[in-house]
Amino acid sequence: MPNLKPLKIGLVCPYGWDAPGGVQNHVRDLAEYLIAHGHKVSVLAPTLDEEALPEYVVSAGKPIPIPWNGAVARVLFGPIAFARVRQWIAQGDFDLLHLHEPAIPSISLLACWAAEGPMVGTFHAAAKKQKAIYAIGPILEPVIEKLNVRIAVSEAARATLSEHLETDAIVIPNGIYGSNFRNGTAQPQWSGQTIGFMGRFEEPRKGLSVLVDALSIVARFVPEIRVIIAGPGDTEEVLKKVDPQLRDRISFLGRLHEKEKADFLTSLTLYVAPNTGGESFGIILAEAMASGAAIVASDIPAFASLLGDGKYGALFANEDSTQLAHAIIDLLRDPAKRKALALAGQEHGKIFDWDTVAEQIFSVYQMAIVGGQKVGLASDNRSWTRLLGRDGQK
Amino acid sequence: MKSGLTFGILLLTSLWYLSFSATRLDRLHHRVETSWANLDGLLQRRAAVALEIAHSELIDPASSLILTAAAYQARDANMRDRSQAESSLSGALMLLQNEMSDETRSADAALLKELSDLTQKIRVGVSIHVDAVTRTRAVRKKLIFKLFRLAGTAPLPITYEFEDDAL
């Protein structure tokens, strides 16, 4: 990142800071990267526990769990939250606001409504077209169009955005600290003929059942095969559905730490991502690539585009366990092919390194602040605040 | 009495909506200005780099002539002819890069690196600007904006056509 004038940047995270999630990780890494490069950063986020927060995070209040897009989202809205958002903006004296997921009902949307000046929005989610969006669209439109620049984390997220809100976006992928993964050490207990799977395996969309079905075919051809599953969840439920003869091939590790994650991915012979949908980016594939693991993934749009349509990892038809089994057997039996695939992936995976990603994001920031204007409360909000006798601009 | 109140509320709401819409359009115009200022700055820098390459004596006089002409044209073009002129400059730069020998490439690596960085940024700049223009034009087409002349005297933003593959 070129050393230019340090900026004062406000980041808004819509989801509860304490809960694990892709958006939270992205905001945290970005904030820490920007701070490390001399910029002043304040993150506004809903939080449960105000004590344990890093210095740069400001709490907007306690998150409220609501059902959203078939899952539970921990978001925050309401008049008190709105007042906090306005106060944060008025006191922040920011050069730029970077709002994450501004199209969901949380504080990013509130900030976009309340602020005026240079604003960048990042859209993470990819979803199918929904009827509800016809009702929400006209409300969101005038808010979202205040953003100077829209970023989508993947082609899938970009397509969702143009379908739902008829607006285009620049694609900048999510970042990972690639060197951590490139420096993983292979551990003997995870090496051999091993297939790895990572994630909350109880969620059907993670597709563990597809892998379990494929295992019965794979075991016939590669008897010494082992499946190692990392991630939180109820292991009994999974084992119940597995052929009793194959149960001893499956082991569970529970949730892994960052360091263990790199070692785990490096040790594996194959990493399998059988997700059946609902995935917008697939950060785990970027991490597996950096670790040098050969990948087999379902051909859902996010994965197909991340793996260069098969150049950096093998793809199989979504939910087709027979095809998955063939892809696994093929790669297990052909070490040269596997090695070539892993190397191609590791090389390509460098585009997800934070150094590259943050530089792209920062170049977008510079494009948004060309006018030299600062972030302030929008004129319609200023009068509203004055009318209520609350002075947000101390 | 009751109808008077309803009328009052209706009037207030429509007044608020009109003022809201006017602010909204004003912001959009501002967004177009910012995105154009950004793109314009990037394009000017590219023309400057192109001239520098043209004068660097690493290329033959004929290419230098073509490049100089294209760079000047791009710099002097008015708003309407700008995209055309910039596209010719892109074409000239691309020709040059394809023909350059490997030695020249390494001799002038810094300039070429700057050029490719700029090209990357221009690509982003164009898409940001195009989105701002399209949005503004779409909003200005809506009935309420036309009916109440909410755009005032602001000129309709010009669509900037940049051939993507020429970059």
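This is a predicted model: local features need pLDDT of at least 70, side-chain atom pairs count only at pLDDT 80 or more; totals for chains, interfaces and linings use all residues.
Trainee: What should I know about numbering and confidence before I start?

Mentor: Residues count from 1 along each chain as its sequence is written, and chains are lettered from A and ligands numbered from 1 in the order in which they are written.

Trainee: In what order do the six strands of the open sheet in chain A run?

Mentor: General idea to begin with: strands of a sheet pair through backbone hydrogen bonds, either parallel or antiparallel. Helices (H or I, at least four residues) and strands (E, at least two) are DSSP runs numbered from the N terminus, and two strands pair if DSSP finds at least two bridges between them. Here the order is β13-β12-β11-β14-β15-β16 of chain A, with parallel pairing. β13 (250-254) and β16 (314-316) of chain A are the edge strands, each with a single partner, so one side of each has no neighbour in the sheet. On average, neighbouring strands are turned by 25 degrees against each other, direction ignored.

Trainee: Over how many bridges do β14 and β15 of chain A pair?

Mentor: Four, linking residues 270-273 with residues 294-298 in the parallel sense. Take A:Leu270: its bridge partner in β15(A) is A:Ala294.

Trainee: Which strands does helix α9 of chain A lie across?

Mentor: Contact means heavy atoms within 4.5 Å, and angles run from 0 to 180 degrees between N-to-C directions of axes fitted to C-alpha atoms, for helices over the stretch in contact. Helix α9 (258-267) lies across β11, β12, β13 and β14 of chain A, and it runs at about 145 degrees to β11(A).

Trainee: How is chain A divided into domains?

Mentor: The bounds come from an automatic or database domain assignment. Domain 1 covers 8-175 + 353-388, and domain 2 covers 179-351. Their contact takes 14 residues from domain 1 and nine residues from domain 2. As for distance, the domain centres, taken over C-alpha atoms, are 32 Å apart.

Trainee: How much area do these two domains of chain A bury between them?

Mentor: The size of an interface is often given as the accessible area lost when the parts come together. Buried area is what two parts lose on being put together (1.4 Å probe), summed over both. For the two domains of chain A that is about 900 Å², 50% of it on carbon and sulfur atoms.

Trainee: Which side chain meets A:Arg182 in a salt bridge?

Mentor: Side chains of opposite charge can pair when their charged atoms come close. The rule asks for a side-chain nitrogen of Lys or Arg within 4 Å of a carboxyl oxygen of Asp or Glu. A:Arg182 meets A:Asp353 at 2.7 Å, N to O. Across the domain interface the rule finds one salt bridge.

Trainee: How many salt bridges are there between chain B and chain A?

Mentor: Seven. One of the salt bridges joins B:Arg27 to A:Glu116, with the closest N and O atoms 3.0 Å apart. Another pairs A:Glu145 with B:Arg135 at 3.7 Å, going from the loop between α4 and β9 of chain A to helix α5 of chain B.

Trainee: What is the area buried between chain B and chain A?

Mentor: About 1,800 Å², with 56% given by carbon and sulfur atoms. In chain B, the residues losing the most area to chain A are B:Arg27, B:Arg31 and B:Arg135, together 32% of what that side buries.

Terms used. Side-chain values use heavy atoms; hydrogens and water are left out.
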